Amino acid sequence: MNMNKVSNLKIIAVLLMALAVTSCKRNSSSSNSSRATGWNINIKEGGFQYNPNFKEQQTAPGLVFIEGGTFTMGRVQDDPMHDWNNNPNQQHIQSFYMDETEVTNLMYTEYLDYMKRVYPPEDPTYKNIYHGALPDTLVWRNRLGYAEMMTQNYLRHPGYAEYPVVGVSWIQAVEFAKWRTDRVNELFLEQAGFIKRDAKITDVSAESNFSTDTYINSPSSTYGGNTEVLEGGKRRSQTDADGNPINTYAKIESGIISPDYRLPTEAEWEYAALGMSELRSYNVYRGRKKYPWDGQYTRSGKRKTRGDQLANFKQGKGDYGGIAGWSDDGADITAKVKSYEPNAYGLYDMAGNVAEWVADVYRPIVDDEFNDFNYYRGNVYTKNAINEDGTVKVLTIDDIVYDTLSNGKIVARNLPGEVAKIPVDEEETYLRTNFDNSDNRNFRDGDRKSSRYYRDSFDEVADAKKEDETQQMYNSPQHSVDRDSLGNLIREYDQSSSRTSLINDNVRVYKGGSWKDRAYYLDPAQRRYFPEDMATDYIGFRCAMSRVGSKTQNGKKRN
């Protein structure tokens, strides 16, 4: 072969390689190029806002990551109490985040301080907003016991700052989680330069409060439409070719806005409490745990801490902590958070100290036949209320609605600056197979269709309605409590003699043993219930947050 042919072949080879590289570049997409259209997706160019550099969800303040998986929910040991309300069933949980500790008095008083500044109770317009957020400090009182020191000091004294808050109802816990969501996202948006620095402190009032939901759905209405705050971030200084500001508002596509803080579901709480990651090895499950720690006993078997109690609970009649000294568990009432070793997920006090509210409505049976993935009973679906001009309705001072609870306490159902919510209707439910109603709290359990007295004949509907009062599956008392224009309580007690249960759609599950409970209740499978609008001295709570994106953290992959 002569040299000219060799040279020509080399040239052809180089051209083919160049063509291949060009073709690859044309068919591939950079992080800023759409694989669907080839258009650029750039967060700095306005229009379609998307963050191509998003890696994974940022762990929000106070939370730890819980990798999801399958587990046996329910009690597999003997049930000497014969509750029969926690039969074992297999469930799968998505990855999520949970508070490292229970919500403390310090965390809750920060919330109260904010509410007092924004909704001053000395103003009659806002009086019930602040008072509705206050914990019930009288839960410590006992007819035959002295507890005035706790009544007066437990919530606010710095000596109890890092102790779990109690006296908080389920409703108040949910409101705290909503407030926490807004404060954290307000901080994230400030750090990202979308709102003015320190606006969360200096520019907030009842008329100009920040709501995450409002920022997402009607950002120009946030802070009462205060353009100085909304345009005061460093991002506002960026302009397009015509000098117009760009990216005034962050969207969900930016990845900056965090999912909501909320109460964990019962399945999530139990899964996290068990901390089973220490029992899994090469996909082999090596046993069922009785407590959040490994082992069958409440005292440590480790050499350095042998004999130490692993949780704060009632050890026997008249024994809330043991004999003073070495064998004492370090607490009589609640204990300071992180006083005991965490479980395998890094969660403290998942047994003992205080029991904890979870999101679920209580029913004796977990309906795993219908669903075994992210089980939760309590869905009430809503949607944004829309004004006549097509905009989202944002609530004002005049739109505040108050509810009178069964104990006579008045709480605000909504707050100014929030997006108004209404139940979903036929527009969302028509011809759907996955849901057909807004309120699903009693789905397949407790509604008339699930009663053994239900009759499907149209001719017998009227007769069935007459029987509802005495023959419903969950036939709880129906009391009525209201207040007149002067603020006096109007009580109407249910006088029926045919009530057979205290279970209804307004009782919520609480999990975990407390400082008042025996070791039997330290088992994460134990479940009890309490009215959602009442509080005790032994029930607290912690928050959770859903995980978006990959199941594992930091891109870890399984073999």
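Start by selecting S300, which lies in the loop between β7 (284-285) and β8; helices (H or I, at least four residues) and strands (E, at least two) are DSSP runs, numbered from the N terminus. You are looking at a predicted model, where local features need pLDDT of at least 70, side-chain atom pairs count only at pLDDT 80 or more, and totals for chains, interfaces and linings use all residues. Residues are numbered from 1 along each chain as its sequence is written, and side-chain values use heavy atoms, with hydrogens and water left out.

**Stop 1: around S300**

Is S300 buried or exposed? At 9% relative accessibility, S300 counts as buried; buried means under 20% relative accessible area, exposed over 50%, and partly exposed in between (1.4 Å probe, protein chains only). Show its neighbours next: leaving aside residues up to four places away in sequence, S300 touches T305, R306, G307, D308 and L310, where contact means heavy atoms within 4.5 Å. The S300 side chain also reaches the backbone nitrogen of K302 at 3.2 Å. That is a polar contact, meaning a pair of N or O atoms within 3.5 Å; within protein, one must be able to donate a hydrogen and the other to accept it, and residues adjacent in sequence count only if both atoms are side-chain atoms. For a distance check, pick A311: 11 residues from S300 in sequence, and 10.0 Å away in space, C-alpha to C-alpha.

**Stop 2: the sheet that holds β8**

Now follow the chain into β8 (residues 355-361), which pairs with β15 (residues 507-511) in the antiparallel sense over three bridges; two strands pair if DSSP finds at least two bridges between them. Highlight E356 and you will find its bridge partner K511 in β15. Zoom out to see an open sheet of four strands in the order β16-β15-β8-β17, with mixed pairing. The edges belong to β16 (527-531) and β17 (539-540), each with a single partner strand, so one side of each has no neighbour in the sheet.

**Stop 3: a hairpin**

Select β13 (residues 480-483) and β14 (residues 489-492), antiparallel strands joined by four bridges. S480 has E492 of β14 as its bridge partner. The two strands form a hairpin with five residues between them, and G487 in the turn has a positive phi of about 90 degrees.

**Stop 4: S95**

Jump to S95, in the loop between β3 (89-93) and β4 (96-99). S95 counts as buried, at 7% relative accessibility. Its side chain reaches the backbone nitrogen of G68 at 2.9 Å and the backbone oxygen of K551 at 2.6 Å. Apart from residues up to four places away in sequence, S95 touches F65, I66, E67, G68, R547 and K551.

**Stop 5: two helices**

Display α2 (residues 105-118) and α5 (residues 170-191), which pack at an angle of about 75 degrees with their axes 11 Å apart. Axes are lines fitted to C-alpha atoms, for helices over the stretch in contact, and angles run from 0 to 180 degrees between N-to-C directions. The contact uses M107, Y108, E110, Y111, Y114 and M115 of α2, together with Q172, E175, F176, W179, R180 and R183 of α5.

**Last stop: E268 and the whole chain**

Finish in helix α9 (residues 266-274), the place of E268. This residue is buried, with a relative accessible area of 8%. Then show the whole chain, with its 11 helices and 18 strands. Of its 559 residues, 44% count as buried.
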